[in-house]
Amino acid sequence: MNLEALTEKLQSADGYFRAGLHADALLLYGQVMNLFPNDPDILPNLARWLTQTGNTIAAEYYLQRGRTQYSDHAQFPIDGNRVGQSGPAMIPNWDDEPQFEDWPTSKLQAVNALFQEGRSADAAVLCDRITACFPDNAELFFCLIQMFITSGNLITAENRLRQGVEKYPTVFNFVYDLASLLYWQRRRHEAFTYARKAVEVNPIKTATWELFARIKRDINPIVAVNAAQLTPKISVLIPCYNHADYVGGAIESVLAQDYGSIEIIVVDDGSTDHSWSVINGYCARDTRVKGIPMSCNSGVVHALNRGLRDADGDLIGMLASDDRWALDRLAKQLPCLDKHPGVVAVGGNACFVSSLGHVLNDDPMINQSRVAWLKQLFLRNAAFLPSLLIRRAAVDKIGYLDPRLTVLSDLDYNIRILLLGDIYIVPETVVYFGILPNQQNLSSGTVQTIAKFRWEQAKAMRNYLKLSFDEFEEIFDKKIADRSATSIAVELAKIACETSDDPAYRLFAVDILYDDPLTQGSPEVTKLYHELVTKMDPLNLIALLEGRTPAGVRVVNG
């Protein structure tokens, strides 16, 4: 920095002092002093400004620094009058002070009082002392930054937000506020970088997607004509019920894809909040969004089927209103459909994330044959339906989702997809499942949901009755000696009994045996059926009457 630039920087800092933005002025002076550490004339000028503006703590702090650094210079005698008529202000020494429970709160109050008095430079010095005492307290650091923003010291706020992003890269507030601040200052490209990071840190929060989308539209407006010419066209179905605070994020996560040939069909399932107003707003702003209002609440499956009726895309995707697509989902999945033309759908990994952005479960899936998938789904569900882009030809053959199933319609549909053909799994996260507080998810683990889960699992597994003997033997690696003496139902019932003592499997076995003709015509099968009904206790009545914990039920203490 040359002398002219130095003078300009100092004049700018002096201007911030005059404007009452003392913390920003202090920061600019600090930058100059770092560039010219051996210039003894900068510190006295800073101390005079601090004194004149009433920032006595900061003035004394920098005078002490000058006395140490320039002990032989005339500018820095031990002179209290440099700070004020009453002598130097005391710089708090908290090193030996007991840090009681309310210690941070009391210090925050002290800093806030300085801001209220217009002494933001003094507040900045105390902020540094507080963060030194609590170097790992992200919440405290963020609270202090908010005070700089509120007081208008935005240079200081930006500087400290950048420190927060670097020190706490997984804490959402720092990166989101930095993106917002940069966007407010019309620094759009830089704001876009941090908005993208904010989405990655907390992909569930709606405000993050809204900010990201707003900045992206400013930088690169949508060109609808070019978008409409792209193939394949993708239809995304989003059912919504009383999720006004979340549905916008789901819509934005799809619109944020770098691919324009998309139609988003949002079905409002009779919401009683302002969900329809939110949906309507998107329909007015973007022709790719289509809203369908349902006259009453019919359930998520009916809403999906209603959307599927209107979908005309070459690929079909489904997304819950509280879930989000990953930013580059289509960039990851679309090439795979070209590379694997024989698959009926392409999926990917799903990541479960709390509303605060905490990753709760990130269990990656692997590519495997439909035979391996069908065996896995018989043993346990896999939440890959929201990750799938399904070819339209496959959807036309599979048909609609089963509206009788409200919790495990995805398991039922997964099995039906795999009975039709193979799927390909992209080994990266393509969808985020939002886990909301206070059981706001349809799939929350309530007692009612658990009860439905068992019943619906038994019903979804009935799809395996469509297997041929050859398919059964390949999936379950079991050779049937005499096919004429048995049936797929009998063999599935045996597999279910061997697999688990969970009530859902016992219920499935009893259910399919009851409908199978062999149960009435074969003494062996009839005997198996009665053993299941009595000894295996499909409704857990025996266990309950004997005071035992039923199989498949977990007891949580406390």
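## Close-up views of a predicted model

View 1. Strand 6 (residues 345-354) is mostly covered, with nine of its 10 residues buried; buried means under 20% relative accessible area, exposed over 50%, and partly exposed in between (1.4 Å probe, protein chains only). Strands (E, at least two residues) and helices (H or I, at least four) are DSSP runs, numbered from the N terminus. This is a predicted model, in which local features need pLDDT of at least 70 and side-chain atom pairs count only at pLDDT 80 or more, while totals for chains, interfaces and linings use all residues. Residues are numbered from 1 along each chain as its sequence is written, and side-chain values use heavy atoms, with hydrogens and water left out.

Which strand pairs with strand 6 in the parallel sense? That is strand 9, over 10 bridges; two strands pair if DSSP finds at least two bridges between them. Strand 8 (residues 389-391) runs antiparallel to strand 6 and is joined to it by two bridges.

**View 2. The hairpin of strands 6 and 7.** Strand 7 (residues 359-361) pairs with strand 6 in the antiparallel sense over two bridges. Phenylalanine 352 stands opposite asparagine 361 of strand 7. Four residues lie between the two strands of this hairpin, and in the turn glycine 357 has a positive phi of about 95°.

**View 3. Aspartate 402 in its loop.** Look for aspartate 402 in the loop between helix 18 (392-398) and helix 19 (409-420). Is this aspartate 402 buried or exposed? Aspartate 402 counts as buried because its relative accessibility is 14%. Its side chain makes a polar contact with the side chain of arginine 404 (2.9 Å). A polar contact is a pair of N or O atoms within 3.5 Å; within protein, one must be able to donate a hydrogen and the other to accept it, and residues adjacent in sequence count only if both atoms are side-chain atoms. Leaving aside residues up to four places away in sequence, aspartate 402 touches Val301, Ser409, Asp412 and Arg416, where a contact means heavy atoms within 4.5 Å.

View 4. Back at valine 111, the residues it touches are Ala123, Leu126, Cys127, Ile130, Leu144 and Met147, not counting residues up to four places away in sequence.

**View 5. Glutamate 158 and arginine 187.** Here the two side chains meet in a salt bridge (2.8 Å, N to O), one of 30 in the structure. A salt bridge is a side-chain nitrogen of Lys or Arg within 4 Å of a carboxyl oxygen of Asp or Glu. The pair links distant parts of the chain, 29 residues apart: glutamate 158 sits in helix 8 (residues 154-167), arginine 187 in the loop between helix 9 and helix 10 (188-201). Glutamate 158 counts as buried at 13% relative accessibility, whereas arginine 187 is partly exposed at 28%.

**View 6. Lysine 233 and glutamate 263.** The side chains of lysine 233 and glutamate 263 meet in a salt bridge (3.8 Å, N to O). Lysine 233 lies in the loop between helix 12 (224-228) and strand 1 (234-240) and glutamate 263 in strand 2 (residues 262-268), so the pair ties together parts 30 residues apart in sequence. Lysine 233 is partly exposed, with a relative accessible area of 27%, while glutamate 263 counts as buried at 13% relative accessibility.

**View 7. Glutamate 428 and lysine 332.** In this salt bridge, the closest N and O atoms are 3.5 Å apart. Glutamate 428 is partly exposed, with a relative accessible area of 38%; lysine 332 is buried, at 17%.
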